[in-house]
Amino acid sequence: MTHQRDSWDAVVVGAGPAGLRAAEELGAAGHRVLVVDAKPSVARKFLMAGKSGLNLTKDEAREILLSRYGEAADWLAPMIADCDAAEVMAWATGLGSTLFTGTTGRVFPREMKASPLLRAWLARLDGYGVERRTRWRWQGWNDDALQFETPDGPRVIKAGATVLAMGGASWARLGSDGVWAAALAGENVPLAAFQPANAGLLVHWSDHMAPHFGAPLKGIALHAGSTRSRGEAVISRQGLEGGGVYMVCAAVREGAELYMDLLPDLSQEQVAARLARPRGKSSLSTHLRKVTKLTPPRLAILQEFARPLPAKPAALAQLLKAVPIRHQGLRPLDEAISTAGGVLAEAVDGGLMLHRRPGVFCAGEMLDWEAPTGGYLLTACLATGRWAGRSAVRYLTGDYVIEAATA
């Protein structure tokens, strides 16, 4: 079959938040831009995230925001500084969204949906002349050209600059399947293996936990290694889910033991003092419930993981402050909200251009960073997309200084 061929100033592969943000920068600069995506429609994961309320960012000081990216914070620092919470909010407002900030600092569009923002975003790109193609799957390179498998057969595209923004390896049905890693590995691009991030815990519950499936665990803290989370969790049939669990996901994945503090607002000494109150003829379980005011789901967790309970107040208080959570690891990669792993920092220069492929930039979740839920994921996707797009603009205009690969 004869390959159809054409050329563009810039091609963006992947039409999620990072790719669309890169395309926006390129289009605004007046370049002829093509955005391609393997799925039948664009920004599918973005739209799915918006179904439960689109958390755009976290309105907090830049240094605090940056700290949420862990080991990648130094690498991402200039990108987050260029596109922090204030910039994300200004960008969304510029697209016509009315925003509000919740009590925890999370920022949402007033309509709590992603679709109105996406429509305005795509309209802006249309105004720049940015074109889109769907059902185009990237197949790597043919010399310096990009290869795609399309509904109309193979296509070979020449691009003055390319931005790869194909996501991580979770939620494959929405487009993030990580298949692109093989093509980059074939180019000797340094990659880290994909691992689940913001994933639930698999727990093989005993039968007595069944009545609590779906119950929220409020007023708890989780700690694993040096990480501590005050977020909530939910008892599911499969294990434990929720923002509090996702905060400690990285530490658990690295092998840290997980503990649950059932009374995080009380010190161990205060808990022991309550337990030392006379209990009369009450059973230990009744006395425990009365003096601690633990909810049934929290009591169920205690019974599930800590029976038989110690009778002495000091020992029981110590246990209540650190219930060991026995689990069978994280949920599978494709069930994770996001992934760790991907293109290593050493594979790109300061403008996110691949050392192995001049003129090719990477953005979004396909880069090796991770962050908890709460607006941090989307902020970094937008930030790296903007950074890669601006770098590609400089490359096209001849103003880009190519950095040598680090040893």
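At what angle do helix α5 and helix α6 pack? In this predicted model, local features were considered at pLDDT of at least 70 and side-chain atom pairs only at pLDDT 80 or more, whereas totals for chains, interfaces and linings use all residues. Residues are numbered from 1 along each chain as its sequence is written, and side-chain values rest on heavy atoms, with hydrogens and water left out.

Helix α5 (residues 85-94) packs against helix α6 (residues 115-127) at an angle of about 80°, and their axes are 10 Å apart. Helices (H or I, at least four residues) and strands (E, at least two) are DSSP runs numbered from the N terminus; axes are lines fitted to C-alpha atoms, for helices over the stretch in contact, and angles run from 0 to 180 degrees between N-to-C directions. The two helices are therefore roughly perpendicular, a class that covers 65 to 115 degrees, with angles under 35 degrees counted as roughly parallel, over 145 as roughly antiparallel and the rest as oblique. Contact (heavy atoms within 4.5 Å) is made by Trp91, Ala92 and Gly94 of α5 with Leu117, Trp121 and Arg124 of α6. By class, this contact comprises four nonpolar, one polar and one charged residues; Ala, Val, Leu, Ile, Met, Phe, Trp, Tyr, Cys and Pro count as nonpolar, Asp, Glu, Lys and Arg as charged, and the others, Gly among them, as polar.

In helix α4 (residues 73-82), Ala73, Trp75, Leu76, Met79 and Ile80 are buried, that is, under 20% relative accessible area with a 1.4 Å probe and protein chains only, where exposed means over 50% and partly exposed in between. Viewed down the axis of α4, these residues fall within an arc of 135°, so they line one face of the helix; the arc is that of the directions from the helix axis to the C-beta atoms. The buried residues of α4 pack against α3 (62-67), β19 (338-343) and α14 (376-396).

Backbone geometry is considered next. Most residues other than glycine have a negative phi, and most peptide bonds are trans. Ala43, in the loop between β2 (33-37) and α2 (44-50), has a positive phi near 55° and is buried, with a relative accessible area of 6%. Met112, located in the loop between β5 (106-109) and α6, likewise has a positive phi, of about 60°, but is partly exposed at 30% relative accessibility. A cis peptide bond, with omega about -5°, joins Arg307 and Pro308; Pro308 is placed in the loop between α12 (296-306) and α13 (313-320).
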